Amino acid sequence: MMCTAKKCGIRFQPPAIILIYENEMKGKSRQRIMPVRNFSKFSDCSRAAEQLKNNPRHKDYLEQVSLRQIEKLFSFLRGYLWGQSLAETMEQIQRETTLDPEEDLNKLDDKELAKRKSIMDELFEKNQKKKDDPNFVYDIEVEFPQDEQLQSCGWDTESADEF
């Protein structure tokens, strides 16, 4: 089945993920409601998102929706179940999905490190210029201003004499 995802959202009562998609064969916009079952305020959002995305009934529809977006929707649902306001939940999600350049990634456990790397990959893909982009330039040469005098290092001058 060929469908193009247009919008994806969440309904709190009863909990469900709602997908608005366009059927390419018929050219009609349709809505698919995917109920969220067995999800509590203690559930893991990333695991629930993976289970929903890999569910055979919904797999074809959610193919174009990123796992990160589904995970974010589950985070909104978990915040609702904890009794947080929408603004509080959005602020918490914003803190979790932004990178701190001063953070030492060597001190993180494997799960948190993988999460940070996926955020970096997503940011890279978003900012990457591709050949199809209108502002794409193939060969860019940039002259960087040099305010200070360059200092030579001792290790590179000595090794040149040995060869």
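In this predicted model, C45, S46, A48, A49, E50, L52 and K53 of helix 1 are in contact with L67, I70, E71, F74, S75 and R78 of helix 2, contact being heavy atoms within 4.5 Å. By class, this contact comprises seven nonpolar, two polar and four charged residues. Here Ala, Val, Leu, Ile, Met, Phe, Trp, Tyr, Cys and Pro count as nonpolar, Asp, Glu, Lys and Arg as charged, and the others, Gly among them, as polar. Local features require pLDDT of at least 70 and side-chain atom pairs count only at pLDDT 80 or more, whereas totals for chains, interfaces and linings use all residues. Residues are numbered from 1 along each chain as its sequence is written, and side-chain values use heavy atoms, with hydrogens and water left out.

**Helix packing**

- Helix 1 (residues 45-53) and helix 2 (residues 67-82) have axes that come within 8 Å and cross at roughly 125°; helices are DSSP runs (H or I, at least four residues) numbered from the N terminus.
- Helix 1 is therefore oblique to helix 2, a class left over after roughly parallel (under 35 degrees), roughly antiparallel (over 145) and roughly perpendicular (65 to 115).
- Axes are lines fitted to C-alpha atoms, for helices over the stretch in contact, with angles from 0 to 180 degrees between N-to-C directions.
- The crossing of helix 1 with helix 2 is right-handed, meaning that the near helix is turned clockwise from the far one by less than a right angle.

- E91 is partly exposed at a relative accessible area of 49%, while R95 is exposed at 54%; buried means under 20%, exposed over 50% and partly exposed in between (1.4 Å probe, protein chains only).

- E103 and R116 form a salt bridge of 3.0 Å, N to O.
- This pair links distant parts of the chain, with E103 in the loop between helix 3 and helix 4 (110-127) and R116 in helix 4, 13 residues apart.
- E112 also bridges to R116, the closest N and O atoms being 2.7 Å apart, and these two residues are four apart in helix 4, about one helical turn.
- Shared partners join E103, E112 and R116 into one salt-bridge network.
- R116 is buried, at 13% relative accessible area, whereas E103 at 24% is partly exposed, as is E112 at 29%.

How values were computed
A salt bridge is a side-chain nitrogen of Lys or Arg within 4 Å of a carboxyl oxygen of Asp or Glu.
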